[in-house]
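Subject: Structure for you to look at

Hi,

Here is the structure I promised. Please open it next to this email, and then read my notes below.

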Amino acid sequence: MGRRNFHGKVETIGDSCQADYLVMVTCQRCKNEKQMHPYMLMSAKNTLHSAKLGVALPVFFSKHCRHPVSVIVTCTYRRSGEM
């Protein structure tokens, strides 16, 4: 999936996927956080490959507050399986 030898800045969701780093998705309405692999986001919406990290992204559905919301995606700089 990801490349362990990614050299460069992680600025987009696509960069995070190539570097194999997990991302944190934070709901703007209820502040609920969910950690996931960026591949799951990109497979749901193909336009998210070039989306910037740390910017509010509209039209997501929060399962916690059950409303369409905007979310902020940030990189955790951790890989899956690491503690």
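**Two loop residues**

Asp 20 lies in the loop between α1 and β1. Helices (H or I, at least four residues) and strands (E, at least two) are DSSP runs, numbered from the N terminus. This is a predicted model: local features need pLDDT of at least 70, side-chain atom pairs count only at pLDDT 80 or more, and totals for chains, interfaces and linings use all residues. Residues are numbered from 1 along each chain as its sequence is written, and side-chain values use heavy atoms, with hydrogens and water left out.

Asp 20 has a positive phi, near 65°, and is not a glycine. Asp 20 counts as buried because its relative accessibility is 9%. The cut-offs are these: buried is under 20% relative accessible area, exposed is over 50%, and partly exposed is in between (1.4 Å probe, protein chains only).

Arg 66 sits in the loop between β3 and β4. Its phi is also positive, near 55°, in a residue other than glycine. Arg 66 is exposed, with a relative accessible area of 65%.

β1 is largely enclosed by the rest of the structure, because five of its five residues are buried. Val 23, Val 25 and Cys 27 point one way, while Met 24 and Thr 26 point the other way. In a regular strand the side chains alternate between the two faces of the sheet.

β1 runs antiparallel to β2, with four bridges joining them. Strands pair if DSSP finds at least two bridges between them. Val 23 stands opposite Met 36, and Met 24 stands opposite Gln 35.

**The core**

The largest nonpolar core has 22 residues. Such a core is a set of buried Ala, Val, Leu, Ile, Met, Phe, Trp, Tyr and Cys residues joined through side-chain atoms within 4.5 Å. Val 10, Ile 13, Leu 41, Leu 48, Leu 57, Val 71 and Val 73 touch the most other members. α1 (13-18), β1, α2, β3 and β4 each supply at least two residues. β4 gives the largest share, four residues.

Which residues does Val 10 touch, not counting those up to four places away in sequence? They are Asp 15, Ser 16, Ala 19, Tyr 21, Leu 53, Cys 75 and Tyr 77. Contact means heavy atoms within 4.5 Å.

**The pocket**

The largest pocket has a volume of about 480 Å³. A pocket is an open set of points on a 1 Å grid over the protein atoms alone, where a 1.4 Å probe fits, with protein on both sides within 12 Å along at least five of seven lines; lining residues have an atom within 4 Å of a point. The volume is the space filled by probe spheres set on the points. Of its 19 lining residues, Val 25, Lys 34, Met 36, Phe 60 and Phe 61 are the closest to the centre.

Phe 61 lies in strand β3. Phe 61 counts as exposed because its relative accessibility is 56%. Beyond its neighbours within four places in sequence, Phe 61 contacts Arg 66, His 67 and Pro 68.

Best wishes
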